[in-house]
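Here are some notes to read alongside the model, in numbered points.

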Amino acid sequence: MQGDEAPTELIEAVGGRRQRAAGGGGDRTQKVVFTVGEVLITLGLVVLLFVVYEVYVTDWMSAGKQADATANLDERWSQEPLPDPGNQRTEKVRPVDGEGFAKLYIPAFGTDFVFTVLEGTTETTLEAGPGHYNDTALPGEPGNFAVAGHRVGKGAPFNDLDLLRSCDAIVIETQTDWYIYRVMPMEGEAQDWEQGRGASEQCTDVKPLGEPYEDLVGQQIVLPHQSEVIAPVPNHPDRVAPPERQAALITLTTCHPRFSAKQRLIVHGVFTKQYPKDPANPGAQPPELTEG
Amino acid sequence: MYGWIWRHLPGPVPVKVVEALALVAAVLALLFFVVFPWAEPRLPFNDVTTG
């Protein structure tokens, strides 16, 4: 049969042997070597397929989950009426684990860069989109609004986080408000901020923060266990800022370098502006969204 | 291994080709939807949180 001969011929070609196996498949060693080869090639293919899965297939799966989360959030927002602006908005509702509660825009990545942020940072939640660390501040609140997101596969919301420059806008939309955060000065820029980068228009509301935030910069790369980067005073979990100096910060975390989990890439931003949504015109968007 | 599978597929060659493709598809589905999702959290490639 055709199939019996093909493998033998292939081995001969590879090994350069002329000897033909008697009766088609008599040589045991050849057969074993051939089968081991096949298994090894197959395992290699499986590893390659895993890369394809990680980089592409999880993207498709996550796109569906992110779309569901966004649809749920939009529906909830459209059903609950905007609170009366005259009322004191003191009641903050804690978001529900695994559900979307805000949208994240980074205009520097294009006007179409928007992700629904979900509550919690479990594996499952992060498959659907960026996740808000439980028990960190909510948008606009003093403290640190900390969000984790994937960098490779699973929608890769934070793929290009390393490209953010100081003063780039990070916009958070909630049901009631738009919150504009801007990336903090980078290490090295803080020295002569006023004359340097700080002079540009985007940076009007951004400047190095004094005590107790004196060592806070726009981007850092840390080890995975360094959870102090999401502390209210980043890198200093033991510090408590006095109320009059408390800053509202945002911290984004993702893996670093790409395709690895050896380190974490961290971006810090500071809250600069808030636009309450106008119940008469809920579709209005802040000008920062188009500054890309 | 592959030769052995090919020889044990029933039917004439065109039918065998279809069967082989179906087998490949089944293995891919098993990997993408069962094996990889199971293995992934156990591998250190994509952790994004701190702490």
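1. What share of the contacts in chain A with a separation of 6 or more comes from residues 24 or more positions apart? The share is 58%, where two residues are in contact if their C-beta atoms, placed from the backbone, lie within 7 Å.

2. A word on conventions before going on. This is a predicted model, in which local features need pLDDT of at least 70 and side-chain atom pairs count only at pLDDT 80 or more, while totals for chains, interfaces and linings use all residues. Residues are numbered from 1 along each chain as its sequence is written, and chains are lettered from A and ligands numbered from 1 in the order in which they are written.

3. Now the two chains. Chain A holds three helices and nine strands, where helices (H or I, at least four residues) and strands (E, at least two) are DSSP runs numbered from the N terminus. Read from the N terminus, the order in chain A is α-α-β-β-α-β-β-β-β-β-β-β. Chain B has two helices and zero strands. Of the 292 residues of chain A, 34% are buried, and of the 51 residues in chain B, 10% are buried. Here a residue is buried if 20 or more other C-beta atoms lie within 10 Å of its own, exposed if 12 or fewer, and partly exposed in between, with C-beta atoms placed from the backbone.

4. Next, the place where the chains meet. Chain A brings 35 residues to the contact and chain B brings 17 residues. On the side of chain A that touches chain B, the elements giving two or more residues are α1 (2-15), α2 (28-79), α3 (123-128) and β8 (248-256). Of these, α2(A) gives the most, with nine residues. By type, that side of chain A has 18 nonpolar, twelve polar and five charged residues; Ala, Val, Leu, Ile, Met, Phe, Trp, Tyr, Cys and Pro count as nonpolar, Asp, Glu, Lys and Arg as charged, and the others, Gly among them, as polar.

5. How are two packed helices described? For α2(A) and helix α2 (residues 13-39) of chain B, the axes come within 11 Å and cross at roughly 90°. Axes are lines fitted to C-alpha atoms, for helices over the stretch in contact, and angles run from 0 to 180 degrees between N-to-C directions. α2(A) and α2(B) are therefore roughly perpendicular to each other (65 to 115 degrees; under 35 would be roughly parallel, over 145 roughly antiparallel and the rest oblique). The residues that make this contact are A:V46, A:L49, A:F50, A:Y53 and A:V57 of α2(A), with B:L31, B:F32 and B:F36 of α2(B). They divide into eight nonpolar, no polar and no charged.

6. Strand β8(A) deserves a look of its own. Nine of its nine residues are buried, so β8(A) is largely enclosed by the rest of the structure. With β4 (residues 143-148) of chain A, β8(A) pairs in the parallel sense over six bridges; strands pair if DSSP finds at least two bridges between them. In that pairing, A:V147 is opposite A:L252 of β8(A). β8(A) also runs antiparallel to β9 (residues 263-276) of chain A, joined by eight bridges, and there A:L249 faces A:V270 of β9(A).

7. The link from β8(A) to β9(A) is worth checking. This hairpin has six residues between the strands, and A:F259 among them takes a positive phi near 65°. A cis peptide bond joins A:H256 and A:P257, with omega about -15°, and A:P257 lies in the loop between β8 and β9 of chain A.

8. Two further backbone points. A:E211 and A:P212 are joined by a cis peptide bond with omega about -5°. A:N235 is not a glycine, yet has a positive phi of about 75°; this residue sits in the loop between β7 (219-222) and β8 of chain A. With 18 C-beta neighbours inside 10 Å, A:N235 counts as partly exposed. Leaving aside neighbours within four places in sequence, A:N235 is in contact with A:D215, A:E228 and A:V229.
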